[in-house]
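Me: I've got a model open and I'd like to talk it through. Can you take my questions one at a time?

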Amino acid sequence: MMASGAEGAGGREKVRPGGTLLFIGGTGGRRPARGMAVMGAVTAALPALTANLALEIAPVRVNLIAAGFVDTPLSASLLGDQLEARREELRRTLPIGRVVGPEDVAALAVHLMLNEALTGATYDIDGGQQFVSA
């Protein structure tokens with residue numbers, strides 16, 4: 001954990017001037033479920049960490065990407081033979097009508113790194129999944 005004040009200034013020197021610190025988290029822990037206590041705690045803590053670090057290590061910018069389901073090889077390995085059913089469910093229910101891919105997350109990351117007016121915020125990238133019932 002970074003200290004405040006003069007001791008915390010050391011973090012700024014680790015990032016080039018005008019740089020950014022970008023965390024990648026998820027949205028999966030936002031809904032309570034059995035076995036998700038640690039994931040829920042981490043999911044809840046990351047936005048607060050992001051906002052506080054944005055103040056503590058300014059002018060370094062700090063932001064958080066909170067991803068929902070992203071169609072990656074990791075997702076495929078976790079879902080196994082249920083992957084295609086999950087993809088179809090998301091295509092049918094998400095407001096964007098398609099599954100979020102790694103290129104979507106990468107485009108957001110590049111935008112957050114290039115836009116020097118953004119700091120201390122959490123950006124959800126879930127295709128609108130948070131707005132449809134579970």
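Below are my questions, each with a reply.

Reply: Quick ground rules: this is a predicted model, where local features need pLDDT of at least 70, side-chain atom pairs count only at pLDDT 80 or more, and totals for chains, interfaces and linings use all residues. Residues are numbered from 1 along each chain as its sequence is written, and side-chain values use heavy atoms, with hydrogens and water left out.

Me: Which pattern does the protein chain follow along the sequence?

Reply: Helices (H or I, at least four residues) and strands (E, at least two) are DSSP runs, numbered from the N terminus. The protein chain has four helices and three strands. Read along the sequence, they give β-α-β-α-α-α-β.

Me: Which residue in E3 stands opposite Ala67?

Reply: Two strands pair if DSSP finds at least two bridges between them. E2 pairs with E1 (residues 20–26) in the parallel sense over seven bridges, and there Leu21 stands opposite Val62. E2 also pairs with E3 (residues 122–125), again in the parallel sense, over four bridges. In that pairing, the residue opposite Ala67 is Ile125.

Me: What handedness does the β-α-β unit of E1, H1 and E2 have?

Reply: Point the strands away from you: if the path from the first strand over the helix to the second runs clockwise, the crossover is right-handed. Here the helix is H1, residues 37–56. The unit built from E1, H1 and E2 is right-handed.

Me: Where is Pro59 found?

Reply: Look for the peptide bond from Ala58 to Pro59, which is cis, with omega near 15°. Pro59 is in the loop between H1 and E2.

Me: Is Val110 buried, partly exposed or exposed?

Reply: Val110 belongs to helix H4 (residues 102–114). Its relative accessibility is 43%, so Val110 counts as partly exposed.

Key: Buried < 20%, exposed > 50% of the residue type's maximum accessible area, 1.4 Å probe, protein only.
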